[in-house]
Amino acid sequence: MRRLLVTGGAGFIGSNFTHHIVANTEDHVTVLDKLTYAGNLSSLQSLPDNRFRFIEGDIRDMSLVDSLFAQVDAVIHFAAESHNDNSLHDPWPFIETNILGTYTLLEAARRHGVRFHHVSTDEVYGDLELDDPSRFTESTPYNPSSPYSSTKASSDLLVRAWVRSFGVRATISNCSNNYGPYQHVEKFIPRQITNVLRGERPKLYGSGENVRDWIHADDHSSAVLAILDRGQIGETYLIGADGEQDNRSVIERILTLMGQDAKAYDHVADRAGHDLRYAIDPTRLRTELGWSAKFRDFDAGLAATIDWYRENESWWAPSKDSTERFYAAKGQ
Ligand code: NAD
Ligand code: TDX
């Protein structure tokens, strides 16, 4: 039994990871989360008290972080400002949480000698052309495009420097686009599902030819656990599940699975600097750590996700109106 500290555990992937740990290990989880607009305590409500506790707080709060690091064996760092569109509107919270927050945690990891896993994104590598046969690997040069991805790249580089300079026992993972339950309605897939549930039309940015490499959040969780258990200190692992899809196809599948006309969506203003394509080569994770994805049928995963949003309107409804007002103001 290990004592784990999960930052950002009230967010989408952090809550999926916490459920995954409680279901698949004997470990105890402490979640540290600031409960920003993206945090939702009800995502954790079914967890048993003897396996889990929740602490509300900011990862930049050095004394709180210090006291929590003194009580745990390992830290898994998910907390971030995570939405590209928000980062184009106001980059500052991304600098604060993604860069200064990660710095605060690394300093505590250094003081306490705690094992640290940093969760990052494939967006640090920039984007690929649609007709480029290559995919991102652990040696692809960093080339981030947005305020969000540049702050995640900054945090990755801080982790690498703290490993090399101070001997912090850290690993990094860079994962592709996640989908599944508990994802905020600002993100692409839940936004379209909840639009259809409300009788609104899905909204496609620009031409919709942009490609994302989809992975179920539970597969991301099992990969992070594999890295925590068997990853080599100081190394980076890319996480992906061969899930490339263009945005137009994803919207059409959602509409079809929900019994609607596949063309019943609107084209809206494109995202500034919109990355064209992300694609992960997960060979290292598979061959060195023996990981494989469980959710290999995207349609089945999407159908289960649609069912989850249909059955959990009370989870997403409180955020829907303010999210749509934000988009409407930008013509999206
Ligand atoms: P999310 O926005 O759903 O959740 C982020 C959580 O962090 C929220 O609960 C929020 O309250 C918390 N938080 C924010 N600032 C904080 C602070 N200063 N102190 C403490 N808590 C704070 O994000 P997500 O989609 O679950 O992403 C989690 C991590 O995974 C991020 O680091 C993100 O970069 C990375 N990632 C996400 C994806 C994806 O597809 N969503 C893909 C690859 C990597
Ligand atoms: O309404 C929409 N219509 C649309 O066409 C929205 C919200 C998005 N899009 C497009 C933009 C992207 O090409 O869909 C694609 C996915 O958009 P997001 O869900 O905003 O994800 P993305 O910008 O790709 O970033 C996500 O994956 C990598 C996460 O938000 C990041 O946290 C993660 O690092």
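Predicted model: local features only at pLDDT ≥ 70, side-chain atom pairs only at ≥ 80, totals over all residues.

Tutor: Residues are numbered from 1 along each chain as its sequence is written, and chains are lettered from A and ligands numbered from 1 in the order in which they are written.

Student: In what order do the seven strands of the open sheet lie?

Tutor: Strands of a sheet pair through backbone hydrogen bonds, either parallel or antiparallel. Helices (H or I, at least four residues) and strands (E, at least two) are DSSP runs numbered from the N terminus, and two strands pair if DSSP finds at least two bridges between them. Here the order is β3-β2-β1-β4-β5-β6-β11, with parallel pairing. Because β3 (52–56) and β11 (236–239) stand at the edges with a single partner strand each, one side of each is left without a neighbour in the sheet.

Student: Which strand do five bridges join to β2?

Tutor: Five bridges join β2 (residues 28–33) to β3, and the two run parallel; Leu32 has Ile55 in β3 as its bridge partner.

Student: Which strands does helix α1 touch?

Tutor: Contact means heavy atoms within 4.5 Å, and angles, from 0 to 180 degrees, are taken between N-to-C directions of axes fitted to C-alpha atoms, for helices over the stretch in contact. Helix α1 (residues 12–24) touches β1 (3–7), β2, β3 and β4 (74–77), and its direction makes about 165° with that of β1. Helix α5 (residues 147–166) touches β5 (115–121), β6 (170–175) and β11, at about 155° to β5.

Student: How many residues surround ligand 1?

Tutor: A residue is near a molecule if one of its heavy atoms lies within 4 Å of it. For ligand 1 there are 28, the closest being Ile13, Asp33, Ser82, Tyr148 and Lys152. A polar side-chain atom of Lys152 lies 2.6 Å from an oxygen atom of ligand 1, and a polar backbone atom of Thr36 is 3.0 Å from an oxygen atom of this ligand. β5 gives the most to this shell, with three residues.

Student: Which residues come nearest to ligand 2?

Tutor: Of the 22 residues around ligand 2, these are Thr121, Glu123, Tyr148, Arg271 and His274. A polar side-chain atom of His274 lies 2.7 Å from an oxygen atom of ligand 2, and for the side chain of Glu123 the distance from an N or O atom to a ligand oxygen is 2.8 Å.

Definitions and conventions
Heavy atoms only, no water. Polar contact = N/O pair within 3.5 Å; in protein donor to acceptor, adjacent residues only side chain to side chain.
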